[in-house]
Amino acid sequence: MWLDRAATALLLLAGAVNLLPGFVAFAPSRITTAYGVSVDGAHSADLTVLLRHRAVLLGLVGLSLICAAFISSLRIPAVTAGAISMGSFLLLAYSTSGLNSATMRVARIDVAAIVLLAVAAVLVWRKNA
């Protein structure tokens, strides 16, 4: 019983970490605050669309993790998608030099969230074993 509650709590936390940046899709004025990049000037419309699209995808990952907190059959696919999403961002971020402090803050948050996912995955595995 406690394994399920702990896994639920961890999935909710990891889901929130992914869902919150999704609001940038609806509030593009927050892009500079969230990522520390300017979306003014030449090609700003392109960058804005790309970052808003990223926000939608993060929102979907977050929503899937939140749903998986309550629907056990979604847990493995949602945790897998979350781990791939955050893991790929971390791989790209830590293999790229010269990133700004806002992007590195996002990377540190993703490190914490991927740890939450790993612990949730172990709890789900132990419950099902």
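These legends describe close-up views of a predicted model, after an overview of the whole chain.

Residues are numbered from 1 along each chain as its sequence is written. Local features need pLDDT of at least 70 and side-chain atom pairs count only at pLDDT 80 or more, whereas totals for chains, interfaces and linings use all residues, and side-chain values use heavy atoms, with hydrogens and water left out.

**Figure 1. Overview of the protein, with five helices and zero strands.** Along the sequence the pattern reads α-α-α-α-α. Helices (H or I, at least four residues) and strands (E, at least two) are DSSP runs, numbered from the N terminus. The C-alpha trace spans about 55 × 30 × 20 Å along its principal axes. The protein has 129 residues, and 34% of them count as buried; buried means under 20% relative accessible area, exposed over 50%, and partly exposed in between, with a 1.4 Å probe and protein chains only. Among contacts (heavy atoms within 4.5 Å) with a separation of 6 or more, 67% come from residues 24 or more positions apart.

**Figure 2. Packing of helix α3 (residues 44-70) against helix α4 (residues 75-94).** Two packed helices are described by the angle between their axes and the distance between the axes. For α3 and α4 the angle is about 145° and the axes are 8 Å apart. The axes are lines fitted to C-alpha atoms, for helices over the stretch in contact, and angles run from 0 to 180 degrees between N-to-C directions. The crossing of α3 past α4 is left-handed, a term for a near helix turned anticlockwise from the far one by less than a right angle, with right-handed used if clockwise. On the α3 side the contact is made by R54, L58, V61, S64, L65, A68 and A69. On the α4 side R75, A78, V79, G82, S85 and F89 take part. By class, this contact has eight nonpolar, three polar and two charged residues. Here Ala, Val, Leu, Ile, Met, Phe, Trp, Tyr, Cys and Pro count as nonpolar, Asp, Glu, Lys and Arg as charged, and the others, Gly among them, as polar.

**Figure 3. The salt bridge between R75 and D4.** Side chains of opposite charge can pair when their charged atoms come close. The structure holds one salt bridge, defined as a side-chain nitrogen of Lys or Arg within 4 Å of a carboxyl oxygen of Asp or Glu. In the pair of R75 and D4, the closest N and O atoms are 2.8 Å apart. The pair links distant parts of the chain, with R75 in helix α4 and D4 in helix α1 (residues 2-19), 71 residues apart. R75 is buried, with a relative accessible area of 4%, whereas D4 is partly exposed at 25%.

Figure 4. D110 is buried yet has no salt bridge. The nearest side chain of opposite charge belongs to R54, 5.2 Å away; Lys and Arg count as positive and Asp and Glu as negative, while His and the chain ends are not counted. Leaving aside neighbours within four places in sequence, D110 is in contact with V17, M86, F89 and L90.

**Figure 5. L90 of helix α4 and I114 of helix α5.** L90 is buried, with a relative accessible area of 12%, and I114 is partly exposed, with 24%. Apart from neighbours within four places in sequence, L90 is in contact with A107, D110, V111 and I114. I114 lies 49 residues from L65 in sequence and 12 Å from L65 in space, C-alpha to C-alpha. For L90 and W125, the separation is 35 residues in sequence and 24 Å in space, C-alpha to C-alpha.

**Figure 6. S29 in the loop between α1 and α2 (31-35).** S29 counts as exposed, at 64% relative accessibility. S29 and T48 are 19 residues apart in sequence, and their C-alpha atoms are 9.4 Å apart in space.
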